[in-house]
Amino acid sequence: MSWSGRKYAVSDTVFFAGAMLGLCCGAAQAAPLNYLLGHGDKAYPVVALTWGVLLIAVAVIAIISLLVAGAIWRRPGIGMQAPGTRLELSGAEGGALWIWIGVGVSSLVLLASVVWTMRVLADVTSPSKRAALTIEVTGRQWWWQVRYLSDDPARIFATANEIHIPTGVPVKFKLIGGDVIHSFWVPALSGKTDTIPGQTNETWMEAAKPGTYHGQCTEYCGVEHAHMGLLVVAQPSAQFRAWYEHQLQSPDPVGGQQAAGQVDFNVHCGSCHAVRGTDAAGVLGPDLSHLMTRKTIAAATLANTPENLTRWISDPQGVKPGALMQRPELSDSELAGIRTYLQTLK
Amino acid sequence: MTIAEYERAPAVASADQQGLAPRLLRIWKTEPGIAGWLSTTDHKEIGLRYIVTAFAFLIAGGVEALIFRLQLAGPNLHLLTPEQYDQLFTTHGMTMIFLYAGPVLSGFSNYLWPLILGARDMALPRLNALSYWIYLCSGIFLYAAFACGFGPNDGWFNYVPYAARAYNGGPNIDFYALGIILLGISTTVGSINFVVTFLRLRAPGMSINRIPILAWGTVTASAANIFAIPAVSLAFFLLWMDRNFGTHFFDVPAGGQPLLWQHLFWMFGHPWVYAIVLPAMGMVSDGLPVFCRRPLVGYTAVALGTVATMVLGFGVWVHHMFATGLPNVSLSFFSAASIIIAVPSAVAVFAWIATIWNGRPVFTTAFLFFASFIVLFTIGGVSGFMTGSLPVDWQLTDTYFVVAHIHYVLIGINVFPVVGAIYFWFPKFTGRMLDERLGHWNFWTMFIGFNLGFFPMHISGLLGMPRRVYTYADGMGWDWLNLITTFGSFVFAVGILLLIVNVVASMRRGAPAGPNPWDAPTLEWSVSSPPPPYNFAVIPTVGSRHPLWEGRVPPQEGDSKSYVEGGMVLDHGRETVGTSPLDAEPGIILKMPQDSFAPVLLSLALTAFFAGLGLHIWWLAIAGLVGAGLDIFGWLWPERSLGETAEPANV
Amino acid sequence: MSSATPASKLPVGAIDTRATGWWAMIFVVFTEASLFAYLLFSYYYLAVQPHPAGTFPQGGTPSLSLALPDTIILLLSSVAVAWAQFNIERNDKRHLVWGLGIAAVLGMIFVVIQYFEWAGKPFTLASSPYSSLYFTVTGFHMAHVVVGVFMLWSLFAWAAMGYFNRIRYAHIHIGALYWHFVDAVWIAVFFTFYITPLLGLK
């Protein structure tokens, strides 16, 4: 039995783990969808557990690799022999101790992992505080419909692909499958929960500090699965409240040149998209009432800039091939008009 | 023609008795030419065909992967359209999981089982041929659809509702569904054959504690298939009904349930994962000790661990559904079970390490593959352990971490042992050695390429890269990892190419192997390389776990002497001996069938039936069904030469 | 020359339950039983989901007026097969033929009654999840009965041709194993569709 081998393995593991830790933290900072760094009451215990099982995994790989290497090279091996050579056989009994000790230690580690897992599960199953609000998210090919729920029907509003939440309080989500199965995931705040047609799933999250957190659909859902992102914007309570009240309003009416754009918008876009307080009341695509308050368009695929807006409207299939938004038949002036109108939706 | 008889005291003779070999050869030989090729029931021929066909699919699936790895080499690349990408990645998964990983192991077991168990063929030789032909037909069926642009496009586990007609209007999913059901028939009859062979055809004296671990692995996998395959066949059938006849199993607006698909699929899917690794683990358990010059440490524990893994493997399917919103209380049970299932695997790992530690390694290519496999097995195992932890899995699932995990399992625990097994058993298959120098190059290219290609996927997964995306934006932190992955996958492909070069070159120019080039202990090494059509001139008698090492390693309690030089002759037509399931006491002389066209014709009829269903050519479907019925009727017709009918004269 | 093999007499060929075909049929039955287990799992899985009133089972609790006699007929056909097995073990070839023939006829009566049971349903395959399950599960069973009836007539013909005697009857036992399975699995199907609604699962 090689206790010395194990000692080396332990020191090696500590070194390796340290190196890995540094490397991963560095890489994670630059990767917006990483889940090695979490930011909230739901994320913290899971991140700890993730690191815990990751380090156990790395340690096991290191120990087993060293044991295999040690077993191979602890005495001189034999090269390839001519076919049929009868090499000496070892009849050494024993070795069963390896299995007893190896399996014994493994079982203890596995058991401890189960206990830790169950404790974390108890912590994250539901929030310890009352949720501040409930948001309904519907997964659709290939965007997220978002509705802020309220007991007062007048205080319910819809938006898309960008969810604002207040910091420091839990927020509850109702998840609905709009067409096929998608999976709702904001790695820095919470693990995945699928949106499945025919059932309503629930999850919750809490952001400890303000910031913009990336999310993504992770259940394969068709050709544009790759372009089904979302953003969660966590804001201090007062800012969130202001945003919320603003979203509840219909956008300001437009006049002049912008009114012509609005007419074209209603004709070409209004059967799928809605702008509150206008004739555009479609429900197939995202609600655009406050489009210009969002950081991105096309489900977090493009930054919300005038150029991208033009590009997306004029050639959706070039940006997201297979997307359900068709290329509208628009003259240049109509296109410009619609874009100008959309830019008023603040 | 033999005279049918009710009982006989089998003649006992020496294996080199004058005239015995030519007589057996006449009885067992397959006719030369195309007729013989189509009708043979020789398990060695079938086994080799299985292996070659599976490798053809491995190469096809590998090329598909290389193509889409190019697309993923950098952000925002558009070599493929999304639809092309989706068909490619799905076909890649389907090919590797269904058409390569399972069948290649069936191939080895088909070739090796009668030889390691001391029988003249599998228990049901015609069923064996049927199993191969259906496998080939279903593979062609699935690839024909792919070639016509109708490959599956919903990932290999094919979740509804995306697979439903409303979202997936083409015939793609119909062909996938029917092809997998057809393949399921092949796997089922093959599995039944393995189980019956295991229980009934072991050489006299090969009691339950003397069976090579490869046989334990395959019989465990086969038993699991018998219970698990119906789940996936049914799931695909119900989906096909939904898509073609308006039923409502998964149809949400009418009250169907998408999660029913996931339950049925994973009740099959998880046991299947074990079914495509346990026989490979068995190969290592049998092969590694040969190159450590000692018996496997912990034979009993490893055999029991194999069975225990499978039994537990039926209780963890829900860990593929952790994010579906099931109640956490029930999920926690599956989470614990998914972690604890690692225990029997730990048994095997420490048994292998102890075997090397207490032995003296011989540095052959096969040894390198088997020994490195232990490390890859561990990596694939611990990443599986991580996904078993429920809260962690909510993060890991559907990211590249899981992609890394499944590839460490399928390549690490299937491809590496399989390639090691090729180096180990190629001399038996062909009578020639593979080149060892090229073999070392082969190993190191594959080992480095594999780890270079697939290890970074763990990290891109931890950095949040979702699986099944056809492209990704820059600035996500995944660029360089994907570039390394693509590079590594090409290095790995070069490794596979070196293997093929070695096999092709060595078939002609390899050094002659002789019957037992590795001085290995089991029965297959007691006969010539390649073995004669009848395998054993006389039925061997087994007295220990290591018939060819007796006297050189200490005996176990209860061991007696094995006999391979002399035994029952059994030359009144194709015959072998049937033994009792536990102690392998001889109990019956079994008559084995002649070569037959029934299996290939039945496969064609069934394929016509499925093609008719897929193309909605109903007369073809009916013709196929009637043809299949007639074929089975003729096949099962009681035959005098098989001892199935009464002898009017005697009774 | 040396061997540990005793030179005592061994039976040759397909003998009773030592025939490999009999062992194969055992595992065919296992895999088929699994298939029906998954079918019934699907039924119960969908049954426990919420449904609009009166759609699960659609048309209310199914009537036993045809199903119960049908069940008894199928069980009687199993008895007939058992009788045939009993006869051939005593070398009674004439009653073997009779037993197989009676079983096959009873199987055909089952099919006919089941046809009327189907025709009397107020729904089709595509009406609802329940109707899809009903016709698919009973359809799967029906397919097994039809295969079984073909098999019984084949055995009947071979028996009539004098192929079997008190030693060579493996085919009979293998076929009987399948037929008993088809009958046994009907009990599970019958219990699920006709009895559990009476017990309150609806």
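This is a predicted model: local features need pLDDT of at least 70, side-chain atom pairs count only at pLDDT 80 or more; totals for chains, interfaces and linings use all residues.
Trainee: Is chain A compact or spread out?
Mentor: Chain A has 8 helices and 12 strands. Its radius of gyration is 28 Å, well over the 20 Å that the globule rule gives for 346 residues. Along the principal axes its C-alpha trace spans about 95 × 55 × 35 Å. Chain A is therefore more spread out than a compact globule.

Trainee: What percentage of the residues in chain A is buried?
Mentor: A residue is buried if 20 or more other C-beta atoms lie within 10 Å of its own. Of the 346 residues in chain A, the share that is buried is 41%.

Trainee: Which chains share the most contacts?
Mentor: There are 2 pairs of chains in contact. Chain A and chain C do not touch, and their nearest C-alpha atoms are 10 Å apart. The pair that shares the most contacts is chains A and B.

Trainee: Which element gives the most to the side of chain B that touches chain A?
Mentor: The contact takes 89 residues from chain B and 84 residues from chain A. Elements of chain B that give two or more residues include H4, helix H8 (258–275) and helix H16 (436–462). By class, this side of chain B has 55 nonpolar, 24 polar and 10 charged residues. With 12 residues, the top contributor is H12(B).

Trainee: Which helix gives the largest share of the side of chain B that touches chain C?
Mentor: Here the contact takes 60 residues from chain B and 48 residues from chain C. Strands take part: strand E1 (7–8), strand E2 (12–14), strand E4 (563–568) and strand E6 (586–591) of chain B are among the elements that give two or more residues. The side divides into 37 nonpolar, 17 polar and 6 charged residues. The largest share is 8 residues, from H7(B).

Trainee: Why are H4(B) and H7(B) called oblique?
Mentor: Helix H4 (residues 82–117) and helix H7 (residues 213–245) of chain B have axes 10 Å apart. Angles over 145 degrees count as roughly antiparallel, and 65 to 115 as roughly perpendicular. The angle between these helices is about 130°. The pair is therefore oblique.

Trainee: Which residues of H7(B) make the contact with H4(B)?
Mentor: H4(B) passes H7(B) in a left-handed crossing. From H4(B) come Leu105(B), Ser109(B), Leu112(B), Trp113(B), Ile116(B) and Leu117(B). The residues of this contact divide into 7 nonpolar, 2 polar and no charged. From H7(B) come Leu214(B), Ala215(B) and Thr218(B).

Note on methods:
Residues are numbered from 1 along each chain as its sequence is written. Chains are lettered from A and ligands numbered from 1 in the order in which they are written. Axes are lines fitted to C-alpha atoms, for helices over the stretch in contact, and angles run from 0 to 180 degrees between N-to-C directions. Helices (H or I, at least four residues) and strands (E, at least two) are DSSP runs, numbered from the N terminus. Angles under 35 degrees count as roughly parallel, over 145 as roughly antiparallel, 65 to 115 as roughly perpendicular and the rest as oblique. A crossing is left-handed if the near helix is turned anticlockwise from the far one by less than a right angle, and right-handed if clockwise. Two residues are in contact if their C-beta atoms, placed from the backbone, lie within 7 Å. Ala, Val, Leu, Ile, Met, Phe, Trp, Tyr, Cys and Pro count as nonpolar, Asp, Glu, Lys and Arg as charged, and the others, Gly among them, as polar. The radius of gyration is taken over C-alpha atoms; the globule rule is 2.2 Å times the number of residues to the power 0.38. A residue is buried if 20 or more other C-beta atoms lie within 10 Å of its own, exposed if 12 or fewer, and partly exposed in between; C-beta atoms are placed from the backbone.
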